[in-house]
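Subject: Structure handover

Hello,

Here is the structure I promised you. Please open it and keep it beside this email as you read.

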Amino acid sequence: MNTLVAYCRPGFEHDLSDELNRLVGMSGAYGYGQPNTGSGFVAFELFGQQSAVEVLSQLDFTHLVFGRQWFAGYQFSDLPANDRITPLLQLCEGVPQCGEIFVEFPDTDSGRELATFCRKFTVPLRQALRGKGILSTKPDPDLPVLHVFMLDSSRGFVGVSQPGNHSPHYNGIQRLRFPSGAPSRSTLKLEEAIRLFLSEKQQNQWFKPGMTGVDLGACPGGWTYQLVSRGLQVQAIDNGEIDEQLMATGLVRHYAVDGFKYQPNPKPVDWLVCDMIERPDRVALLMAQWLKQGWAKRAIFNLKLPMKKRFDSYLECVKIIEDTLGGAARIDLKARHLYHDREEITLFLAMR
């Protein structure tokens, strides 16, 4: 298996390819990406002695920013319409036993047309794989996952991801239901970030009634809603208007002031969240300064990236944060281009 396949939001293929090139290079391997704008994935071809399985075992999926899912595999084509399963079984010879199978597709208009086909095809393929012993008789999270990534009904990629080093979600997408009481759909970004970046134990420890938070760029209150729903007392900072239902909870104080000049009272707050539409370098510096000055214990924030060189812009912001807080060893920093993000990425930041 010499191909590393990774999924992304359509339009971010070159950013993902740049990121994979850097990560693979840091592992001592080398290769090249084949980004096709709008395809929703990148096939990264590896050279040398190491297989894609070996390279992925040296990398951490949680460090991936622009990728939703990845696996090591082979490309296939020309599956006969009357028997697609037999060629796939042959491709899977030598694959370690897997505990689950995902038959997936690109998150594109043409890819989503394959959703019904993939769902129906999964059933007979799963049965055939179990019959050959390639797939365990019951789902087993301690075994690798087998991925069949369909580009159409006859072409795609097949391969494996290792347990604990991939997204547990189908297509790498965490589906969330929009809360009826939330004032904007942006609330889903913060909910997805909390579920992604924090373990269940951390969520229980760090979101308790009576804790405090600041929401910079709060209006109309999508992110404030997530904090209030967890019982936090929130200082909402924005020149606009906060949702009346949020204000009626008695847990929100609204301040119509500049988010770059506001100081919390009292200090520190348990959470700083920020979804301001500002230059990414300014937001990155502001977040780092809040933690350096002891105004907040931890932060979740968005960086609105430029259309070109988005990965480079992200790296520049990471450097700003590290320089401000005294180096990478002193911080816990996670970042991901969430499913509910658009042209931004979302980050979690705390001091160690």
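Start with D78, which counts as exposed because its relative accessibility is 66%. Exposed means over 50% relative accessible area, buried means under 20%, and partly exposed lies in between, using a 1.4 Å probe and protein chains only. D78 is in the loop between strand 4 (69-76) and helix 3 (85-91). Its phi is near 60°, a positive value in a residue other than glycine.

Some ground rules. This is a predicted model, where local features need pLDDT of at least 70 and side-chain atom pairs count only at pLDDT 80 or more, while totals for chains, interfaces and linings use all residues. Residues are numbered from 1 along each chain as its sequence is written, and side-chain values use heavy atoms, with hydrogens and water left out. Helices (H or I, at least four residues) and strands (E, at least two) are DSSP runs, numbered from the N terminus.

Now compare N171. Is it buried or exposed? N171 counts as buried, because its relative accessibility is 6%. Its phi is near 65°, again positive in a residue other than glycine. Look for N171 in the loop between strand 7 (156-161) and helix 6 (187-197).

Next, helix 6 itself. Of its 11 residues, 9 are buried, so the rest of the structure largely encloses it. Among the buried ones are K189, E191 and E192. The buried residues pack against helix 7 (200-206), helix 8, strand 11, strand 12, strand 13 (331-336) and strand 14. Contact here means heavy atoms within 4.5 Å.

Then go to helix 10 (residues 280-292). Its 13 residues should span 18 Å at 1.5 Å a residue, and its end C-alpha atoms are 18 Å apart, which agrees. The expected span is 1.5 Å times one less than the number of residues. The buried residues of helix 10 include V283, M287 and W290. Their cover includes strand 8 (212-216), strand 11 (271-274), strand 12 (298-304), helix 11 and strand 14 (344-351). Just after helix 10, G294 has a positive phi of about 75°.

Two helix pairs deserve a look. Two packed helices are described by the angle between their axes and the distance between the axes. Axes are lines fitted to C-alpha atoms, for helices over the stretch in contact, and angles run from 0 to 180 degrees between N-to-C directions.

The axes of helix 10 and helix 11 come within 9 Å and cross at roughly 25°. The two are therefore roughly parallel. Angles under 35 degrees count as roughly parallel, over 145 as roughly antiparallel, 65 to 115 as roughly perpendicular, and the rest as oblique. Residues in this contact include A284 and A288 of helix 10, and C317 and I321 of helix 11. By class, the contact has 9 nonpolar, 3 polar and 2 charged residues. Ala, Val, Leu, Ile, Met, Phe, Trp, Tyr, Cys and Pro count as nonpolar, Asp, Glu, Lys and Arg as charged, and the others, Gly among them, as polar.

Helix 1 (residues 13-26) and helix 11 (residues 310-325) pack at about 55°, with axes 8 Å apart. This pair is therefore oblique. D15, D18, E19 and R22 of helix 1 meet R310, F311 and L315 of helix 11. That contact has 2 nonpolar, no polar and 5 charged residues.

Last, two cis peptide bonds. One runs from C219 to P220, with omega near 5°. P220 lies in the loop between strand 8 and helix 8 (222-228). The bond from N265 to P266 is also cis, with omega near 0°. P266 is in the loop between strand 10 (252-255) and strand 11.

Best wishes
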